[in-house]
Amino acid sequence: MNESEMLSMTSLRDLMAFNAVARHLSFARAAGSLGCTPSVLSRRIAGLETRVGGPVFLRSTRRVTLTPLGESLLAHCARLEAEMADMNARLRGQHAEAAGVVRLQVPTTYGRRCVAPILPELMSRYPKLQLDVTFDDGYADLIASRTDIALRIGTPVDSGLIAAPLRPIRRFLVASPDYVAQAPALKRPEDLKQHRCLAFQALKSGDVWSFQRGRTRRSVRVDPVLRTNNADALLEAAIAGSGVAMLSDFIASEAIGNHELVELMTGWPVSQPQVQMLWVAGMEKSPRVRVTIDYLRERLGKVSNVGATAATRKVA
């Protein structure tokens, strides 16, 4: 069932009822927000499910969750909300004045080091924006978590999202000068087998480290002596001489410049992922989301126009 067919079979009241339950994930709380009883709300959802051809929620005594059909309908509701907000702004003559809550999800360390310092300027430019920022290295569903914009490092796999690459992240293989002085030579990826390795848990490839020289690509599975989900802990361990770490430029550059860390195996560069900005298609029509996308591109990437098709693509 396509979007027009789905929406033509529902009423605004049904969509409001569905949206409230999806937002609260509770029939009782949703009913309270709408000023009706849970039984009335249940009948509206039952009627909606009949019209769209399947259940939109999975219900148990303890929790309410969205079905795949419900997630699809929620995405359509998000687009409708954005379009209504845009229309209201135009009618008020306030299209240039973005206002409302923008929910961001950013990787923990990248977010703290690169995103957090630029948020005050965004809030200064648009005083009526309210930012709700989650620092998380996971890959939460943008629709289910009601996230407007997510920044992620690496190739996006989310179906149905718009992906805008911001910039490549350079990764270094590093260790302290003291570690290098006493450790075996490290000239080829295979030499890592002889070294104490410090690994980042959130790396998509796990304990497999990949390197590329020209057209030759090599991957090595390491056996870490330390594995953690905190990149700053890896940095401290590497500086202390605990072993070899693979660290991104925004984490390691300062320590390399201060000679606390030495870049290793420069003849075999580490694979470079992209910082990607993701959002649900259609959300960029909302002024609050659009100005945030443009600002993040301006400060974190090389493209500042939200309509630039060369730097924006749909994730297949």
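**View 1. Strand pairing at the S8–S11 step of the predicted model.** Two strands count as paired if DSSP finds at least two bridges between them. Strands S8 (residues 197–200) and S11 meet that cut-off with three bridges, in the parallel sense. Phenylalanine 200 stands opposite threonine 228 of S11.

**View 2. The open five-stranded sheet.** Its strand order is S11-S8-S12-S7-S13. Pairing across the sheet is mixed. S11 (226–228) and S13 (262–263) form the edges. Each has a single partner strand, so one side of each is left without a neighbour in the sheet.

**View 3. Helices lying across the strands.** Helix H9 (residues 231–239) lies across S7 (171–175), S8, S11 and S12 (244–248). H9 runs at about 170° to S8. Helix H10 (residues 249–257) lies across S7 and S12. The angle between H10 and S12 is about 115°.

**View 4. The largest nonpolar core.** This core has 52 residues. Tyr110, Ile149, Leu151, Leu247, Met277, Leu296 and Leu300 have the most contacts inside it. Helix H11 (residues 287–300) supplies the largest share, six residues. Another core, of 21 residues, lies apart from it; Ala17, Val21, Phe57 and Cys77 are among its members.

**View 5. Surroundings of leucine 247.** Neighbours within four places in sequence are left aside here. Leucine 247 is then in contact with Arg170, Arg171, Phe172, Val174, Ala231, Leu234, Leu235, Ala252 and Leu261. Leu247 is also one of the residues with the most contacts inside the largest nonpolar core.

Notes: Residues numbered from 1 in each chain as written. Predicted model: local features only at pLDDT ≥ 70, side-chain atom pairs only at ≥ 80, totals over all residues. Heavy atoms only, no water. Helix = DSSP H or I, 4+ residues; strand = E, 2+ residues; numbered from the N terminus. Contact = heavy atoms within 4.5 Å. Axes fitted to C-alpha atoms, helices over the stretch in contact; angles between N-to-C directions. Core = buried A, V, L, I, M, F, W, Y, C linked by side-chain atoms within 4.5 Å. Buried < 20%, exposed > 50% of the residue type's maximum accessible area, 1.4 Å probe, protein only.
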